[in-house]
Amino acid sequence: MTIEEMREKKKEFGYSYEQIADLAGLPVGTVQKVLGGITKSPRYATVQALQKVFEGKSGRKPMPQGTVWTAFPLKDPQADRVSETSASGYGYDYDKKTHVDDMVSEALSEYAVTKRQGEYTLEDYLALPEDRRFELIDGVIYDMASSTLIHQAVCGRLLRYFDNYIIENHGSCMAFTSPVDVQLDCDDRTIVEPDVLIVCDPSKLHRERVYGAPDLVVEVLSPSTSKKDRSLKLTKYRRAGVREYWIVDPDQKRVFVYEFEKGDSYVIYSFEDSVPVGIYDGKCKVDFAQIYEEIRILYDR
């Protein structure tokens, strides 16, 4: 079976890269690079492992189509900074009743009436008006509302911290802020626009977009994106191979940090803390107390 045939089987079966990696016993990044065409000459053992998945020889059943993994808090942390594990405070539940259609924006009907949500592709996404922001997740298009000044101020200062650290340490990673298209699963059904991101693999950087999972993603919550950022996108980022995910809540003045490489645990920081960046082993820290002082005037308006 050729790589191209495997890509077609992936579309036919509706597999995610995480599903394929799990069934094949391979790292998610390896699967993304092979099926995404980035790795031109994959190892024979890798190809064999992938072929067994698409030929149905693995003996394991994939997750049903039309369902998503949903992340849910098992209790509400009270402290400004706590660490929870999946056993004591956070977990993932396979919920067949939770479908991304629950969060579809009504505004989409202005532009696309020929397809149902869940059937849209990259081609449809690229045909949407450029003066408005959209995301495509698993074939569903989301209309994104304009961000607030607080949202923009936080994003700009995070980019400054990341850029300064990279430049001062002669790093090879690159930091970006929205709008930047990220073809997260290396397929034609998902394009996201994280608020802030860091990419350390230069092969993922293309002229039009990022192709594959960034190393660090930051989403700054707003009323229109909060549910999607806390559940759907958290799950998508984890499954796609994002190493670290931050959810910044300006209203509650908290930062939720997920280091997926260390498991399902997370840490909550307040806007009085300096938050260490896990992908840099904590050597880079973002002083949220300083950020808050710089933008405090916006909270009073």
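How many disulfides does the structure hold? The structure holds 1 disulfide, a term that denotes a pair of cysteine sulfur atoms within 2.5 Å. This is a predicted model, in which local features need pLDDT of at least 70, side-chain atom pairs count only at pLDDT 80 or more, and totals for chains, interfaces and linings use all residues. Residues are numbered from 1 along each chain as its sequence is written, and side-chain values use heavy atoms, with hydrogens and water left out. The structure also holds 18 salt bridges and 11 aromatic pairs.

**Disulfide and other cysteines**

- The disulfide is formed by Cys173 and Cys200, with their sulfur atoms 2.0 Å apart.
- This pair links distant parts of the chain, 27 residues apart: Cys173 lies in the loop between α6 and β6 (174-177), and Cys200 in the loop between β8 and β9. Helices (H or I, at least four residues) and strands (E, at least two) are DSSP runs, numbered from the N terminus.
- The link of Cys173 and Cys200 is right-handed, with 100° about the S-S bond.
- Both Cys173 and Cys200 are buried; buried means under 20% relative accessible area, exposed over 50%, and partly exposed in between (1.4 Å probe, protein chains only).
- Cys186 is buried, with a relative accessible area of 7%, and Cys284 is buried at 3% relative accessibility.

**Salt bridges**

- A salt bridge is a side-chain nitrogen of Lys or Arg within 4 Å of a carboxyl oxygen of Asp or Glu.
- Asp201 and Lys33 meet in a salt bridge through their side chains (3.3 Å, N to O). The pair links distant parts of the chain, 168 residues apart, with Asp201 in the loop between β8 and β9 (210-211) and Lys33 in helix α3.
- Asp201 is buried, with a relative accessible area of 18%, whereas Lys33 is partly exposed at 30%.
- Asp249 and Arg230 form a salt bridge through their side chains (3.0 Å, N to O). Asp249 lies in strand β11 and Arg230 in helix α7, so the pair ties together parts that are 19 residues apart in sequence.
- Asp249 counts as buried at 8% relative accessibility, while Arg230 is partly exposed, with a relative accessible area of 31%.
- Arg116 and Glu119 form a salt bridge whose closest N and O atoms are 3.3 Å apart. Glu119 is partly exposed, with a relative accessible area of 37%, and Arg116 is exposed at 62% relative accessibility.

**Charges over rings**

- A charge sits over a ring if NZ of Lys or CZ of Arg is within 6 Å of the ring centre and within 35 degrees of the ring normal.
- The ring of Phe256 has the charged end of Arg230 over it, 5.2 Å from its centre.
- The charged end of Lys228 sits over the ring of Tyr142, 5.2 Å from its centre.

**Aromatic pairs**

- Rings of Phe, Tyr and Trp (its six-membered ring) pair if their centres lie within 6.5 Å; planes under 30 degrees apart count as stacked, over 60 as edge-to-face and the rest as tilted.
- Among the 11 aromatic pairs is the edge-to-face pair of Tyr292 and Tyr299, at 5.2 Å centre to centre and 65° between the planes.
- Tyr292 is buried, with a relative accessible area of 15%, whereas Tyr299 is partly exposed at 22%.
- Tyr292 and Tyr299 belong to one aromatic cluster with Phe162, Trp246, Phe271 and Phe288.

**Nonpolar cores**

- A nonpolar core is a set of buried Ala, Val, Leu, Ile, Met, Phe, Trp, Tyr and Cys residues joined through side-chain atoms within 4.5 Å.
- The largest nonpolar core has 34 residues, of which Leu158, Phe162, Trp246, Tyr280 and Phe288 touch the most other members.
- The largest share of this core, 10 residues, comes from α6.
- A second, separate core has 25 residues, including Val180, Leu221, Leu232 and Phe260.

**Helix α2**

- Helix α2 (residues 17-24) is largely enclosed by the rest of the structure, because 6 of its 8 residues are buried.
- The buried residues of α2 are Tyr17, Gln19, Ile20, Ala21, Leu23 and Ala24.
- These buried residues pack against α1 (3-13), α3 (28-35), α4 (44-54) and α7 (226-240), where contact means heavy atoms within 4.5 Å.
- Gly25, which follows α2, has a positive phi near 70°.
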